Amino acid sequence: MTALVHTRAELQPFLDGFANGKRGVVMTMGALHEGHLELFKQARHDCDLVVATIFVNPLQFGPNEDFDRYPRTLDDDLKLCAEAGVDVVYAPAVEEVYPGGQPIVKVTPGPMGETLEGAFRPGFFTGVLTIVNKLLNLTDPDKAFFGQKDAQQLALVRRMVLDLNMPVEIIGVPTVRDEDGLAKSSRNRYLSSEERATALTLSRALFAGQEKATEGADAVRDAANAVLERTTATGELTVDYLALVDPRDFSEVPPAFTGQAVLAVAARAGTTRLIDNLPLTLTPHGAR
Ligand SMILES: Nc1ncnc2c1ncn2[C@@H]1O[C@H](COP(=O)(O)OP(=O)(O)OP(=O)(O)O)[C@@H](O)[C@H]1O
Ligand SMILES: CC(C)(CO)[C@@H](O)C(=O)[O-]
Ligand code: BAL
């Protein structure tokens with residue numbers, strides 16, 4: 001049985017009940033899918049109390065983005081949470097999360113939040129870090145779970161927790177995909193069947209890049225770009241970026257780089273903007 005609470009006061013007894021246990025939080029914007037379920041599963045495995053938050057955060061949406069039309073499916077979300085063994089869903093009102101209205105004090109990400117997603121969505125990571133900070137304060141967990149699909153977000157949350165000495169462990173969870181490779185995403189429900197076929201190019205490009213991981217960074221980028229170009233040439237897909245980055249700071253890796261990297265892509269199919277990320281290891285002998 002999953003409880004639904006809308007206020008911090010209603011949440012408190014659940015937190016008190018597990019004062020000596022491990023408390024986990026999974027933050028979401030709702031419109032839940034199997035990707036979220038994987039986060040819940042990991043949280044259920046690691047923690048005694050699992051809290052899911054559902055909050056479409058206005059601060060992280062730009063003026064021309066999809067805040068108004070973002071899918072809100074609370075009844076279905078509650079069913080999924082119950083199946084996944086979530087103990088309590090905290091779905092606060094905007095007024096509780098932003099009691100002072102538009103916040104004056106925010107958490108800013110610095111340069112790492114200005115590349116890639118940050119470059120295409122100005123202010124996005126300030127909105128994300130501010131809400132993640134708030135939701136950590138409101139839910140007081142031992143562990144918080146985030147998806148690798150949003151790799152830059154995960155890296156910045158880790159960095160915030162480090163830089164601000166926050167007493168929480170951040171757990172990254174691998175991306176859940178449809179059988180054909182498309183990363184599960186709430187925004188997939190905007191796609192027509194033609195657009196979905198186009199959107200598949202993102203994961204195909206990442207996997208094509210991954211296959212070249214033994215041949216160096218340039219080979220990875222070239223292989224991924226070659227896949228993207230076939231679809232951009234027809235005008236069906238508009239690519240915002242394809243980048244091979246160091247996961248520690250999200251800077252583009254040099255050609256001779258070896259070690260852990262992330263291949264990141266963002267593109268638009270019709271009016272729907274999607275992102276995908278794949279961790280890969282560049283091996284020493286491969287550098288060109
Ligand atoms: N396919 C997935 N696999 C693993 N984690 C995921 C997946 N999709 C989303 N998540 C994670 O779930 C959490 C909540 O994400 P969110 O509610 O924004 O869903 P989303 O599908 O990423 O939505 P959107 O389509 O709006 O980007 C984030 O930590 C995100 O990284
Ligand atoms: C972490 C998050 C819930 C903050 O609103 C959001 O950015 C998301 O769903 O990835
Ligand atoms: N999934 C990341 C949140 C966003 O795109 O707004």
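Colleague: Which residues are around ligand 2?

Modeller: In this predicted model, the residues around ligand 2 are Met-27, Thr-28, Met-29, Asn-57, Gln-60, Val-128, Ile-131, Val-132, Asp-150 and Gln-153. Strand 2 (23–28) and helix 6 are the elements that give two or more residues to this shell.

Colleague: Which element provides the largest share of the shell around ligand 2?

Modeller: Helix 6 does, with 3 residues.

Colleague: And how do the residues of that shell divide by class, nonpolar, polar and charged?

Modeller: The shell around ligand 2 has 5 nonpolar residues, 4 polar ones and 1 charged one.

Colleague: Turning to annotation, what does UniProt list for "active site"?

Modeller: The UniProt entry, which is unreviewed, lists His-36 under that heading. His-36 is placed in helix 2 (residues 34–46).

Colleague: Is His-36 buried or exposed?

Modeller: His-36 counts as buried, because it has 27 C-beta neighbours inside 10 Å, and the threshold for a buried residue is 20 or more.

Colleague: What does His-36 touch, not counting residues up to four places away in sequence?

Modeller: On that basis, His-36 touches Val-26 and Thr-28. Thr-28 is also one of the residues around ligand 2.

Colleague: Let us move to the overall layout. How is the chain divided into domains?

Modeller: Domain 1 covers 3–173 and domain 2 covers 188–280. The contact between these domains takes 12 residues from domain 1 and 14 residues from domain 2.

Colleague: On the side of domain 1 that touches domain 2, which elements give two or more residues?

Modeller: Those elements are helix 5 (117–120) and helix 7 (151–163). Helix 7 gives the most to that side, with 3 residues. By class, that side of domain 1 has 7 nonpolar, 3 polar and 2 charged residues.

Colleague: How far apart are the centres of the two domains?

Modeller: The centres of domain 1 and domain 2 are separated by 26 Å, taken over C-alpha atoms.

Colleague: Back to helix 7, then. Which of its residues are buried?

Modeller: The buried residues of helix 7 are Ala-151, Gln-152, Gln-153, Leu-154, Ala-155, Leu-156, Val-157 and Met-160. Gln-153 also belongs to the residues around ligand 2.

Colleague: What covers the buried residues of helix 7?

Modeller: The cover includes helix 5, helix 6 (124–139), strand 5 (143–147), strand 6 (169–173), strand 8 (259–269) and strand 9 (272–282).

Colleague: Does the span of helix 7 agree or disagree with what its 13 residues should give?

Modeller: It agrees: at 1.5 Å a residue, helix 7 should span 18 Å, and its end C-alpha atoms are 18 Å apart. Just after helix 7, Asn-165 takes a positive phi of about 50°.

Colleague: And helix 8, which of its residues are buried?

Modeller: In helix 8, the buried residues are Thr-198, Ala-199, Thr-201, Leu-202, Ser-203, Ala-205, Leu-206 and Gly-209. Their cover includes helix 9 (217–232), strand 7 (237–245), strand 8 and strand 9.

Colleague: Finally, where is Pro-279 found, and what is it in contact with, leaving aside neighbours within four places in sequence?

Modeller: Pro-279 is found in strand 9. With those neighbours left aside, Pro-279 is in contact with Gln-148, Gln-260 and Val-262. Pro-279 counts as partly exposed because it has 15 C-beta neighbours inside 10 Å.

Technical notes:
Residues numbered from 1 in each chain as written. Chains lettered and ligands numbered in written order. Predicted model: local features only at pLDDT ≥ 70, side-chain atom pairs only at ≥ 80, totals over all residues. Domains from an automatic or database assignment. Contact = placed C-beta atoms within 7 Å. Helix = DSSP H or I, 4+ residues; strand = E, 2+ residues; numbered from the N terminus. Nonpolar A, V, L, I, M, F, W, Y, C, P; charged D, E, K, R; others polar. Expected span 1.5 Å × (residues − 1). Buried ≥ 20, exposed ≤ 12 C-beta atoms within 10 Å, placed from the backbone. UniProt positions renumbered as here; feature names shortened; annotations may be inferred. Near = placed C-beta within 6 Å.
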